[in-house]
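The structure comes first, and the notes follow by topic.

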Amino acid sequence: MPPEQLAPDLWRIKVPLPFRLREVNLYLVRGSHGYDLIDAGIDTPEARAAFNAALRELRLHESDIGRVYVTHMHPDHIGMSGRRAKAGSRIFLMADEERRARFVWGTEPLSDWIAYTREHGAGGEIAKGIVIAVNSIRRAVSLPDRFEHLRDGDVVEAGKRRLRVVWTPGHSDYHYVLVDDDARVIFCGDQLLPAITPNIGLYPECRPNPLEDFLWSLGRFEREAAYTVLPGHGANYATLPQRIGQFQVHHDERLAGVRARVASGDGGGVTAYEIVKHFWGDALSTHEVRFALVEVVAHLEYMRLRGEISREDREGVRRYAL
Ligand SMILES: [Zn+2]
């Protein structure tokens with residue numbers, strides 16, 4: 001698919017994904033000395049072919065890309081960053097996101113994750129499947145030897161645009177968005193997606209309350225109500241306050257559903273995995289079970305940290321009760 005020109009200096013390049021999400025948007029910005037890129041895409045043969053075809057269409061070489069801003073460490077956003085670095089680009093990530101990127105996409109065994117799935121009531125088969133799934137995604141990620149680090153409030157350049165770095169934890173601990181106040185545009189990564197709600201999951205090595213983080217992040221866009229959102233997946237939109245309201249409703253409903261399951265426990269408490277089974281049955285792939293499990297745990301821990309429910313660890317299994 002040819003790159004889509006969104007402004008005289010701005011193109012959207014769609015890169016295919018091997019997930020249900022289907023594709024990720026990369027944004028290419030032209031400056032006077034070259035081009036900068038927002039998000040890197042996943043590193044599969046299909047994604048590389050699509051990206052290289054887009055560059056050919058624009059008569060560009062890999063070495064024309066000066067800076068690559070990676071919004072967060074998920075594979076569809078960071079995957080090709082190592083290749084971009086090899087071709088000479090500088091790669092930017094928030095400082096504390098690098099540690100997790102190196103762990104998840106490195107070669108360390110995922111023993112914490114296996115312990116975590118067991119703790120939350122999922123059997124050994126589920127844990128094994130998750131490890132196989134993550135190992136296969138590891139092959140679709142190449143990291144640069146070195147990242148340059150961004151901080152909340154930094155102002156960076158992409159082409160001739162000046163972009164404000166806004167830290168938006170929740171979907172990933174050190175996810176950021178780039179705000180262009182002159183063009184009134186937000187390059188939002190996965191933070192403010194148009195059609196789906198971003199997965200908010202609690203992973204063992206992460207900040208303890210990602211749902212609270214995410215809801216806090218949504219509150220950072222009051223002044224940008226009329227801005228256009230350029231998302232990492234899906235189409236642009238310009239109805240940010242309504243969309244933020246939908247995210248809040250979604251999580252309120254999810255919280256109510258999870259709370260109802262906790263309330264239905266017979267006094268012995270329920271595990272996160274029992275709640276996943278209740279909502280999704282056997283309809284999920286292993287990849288999706290992982291997302292569902294971490295999402296349910298994020299909601300349970302949000303309520304526990306507010307004092308609404310309690311947690312008891314018995315024989316190595318975490319059970320939640322009112
Ligand atoms: Zn993501």
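**Core packing**

The largest nonpolar core has 56 residues, and Leu 26, Ile 186 and Phe 187 have the most contacts inside it. A nonpolar core is a set of buried Ala, Val, Leu, Ile, Met, Phe, Trp, Tyr and Cys residues joined through C-beta atoms within 7 Å. Buried means that 20 or more other C-beta atoms lie within 10 Å of a residue's own, with C-beta atoms placed from the backbone. This is a predicted model: local features need pLDDT of at least 70 and side-chain atom pairs count only at pLDDT 80 or more, while totals for chains, interfaces and linings use all residues. Residues are numbered from 1 along each chain as its sequence is written.

- A second, separate core has 26 residues, including Ala 122, Val 262, Val 289 and Val 296.
- Beyond four places in sequence, Leu 26 is in contact (C-beta atoms, placed from the backbone, within 7 Å) with residues including Ile 13, Val 15, Leu 37 and Ala 40.

**Helix H8**
- Residues 240-263 form helix H8 (helices are DSSP H or I runs of at least four residues).
- Its buried residues are Leu 240, Phe 247, Val 258 and Val 262.
- These residues pack against elements including helix H7 (210-218) and helix H10 (286-305).

**Ser 81**
- Ser 81 lies in helix H3 (residues 81-86).
- Ser 81 counts as buried because it has 28 C-beta neighbours inside 10 Å.
- Among the residues Ser 81 touches are Ala 40, Val 68 and Leu 143.

Notes. Helix = DSSP H or I, 4+ residues; strand = E, 2+ residues; numbered from the N terminus. Buried ≥ 20, exposed ≤ 12 C-beta atoms within 10 Å, placed from the backbone. Contact = placed C-beta atoms within 7 Å.
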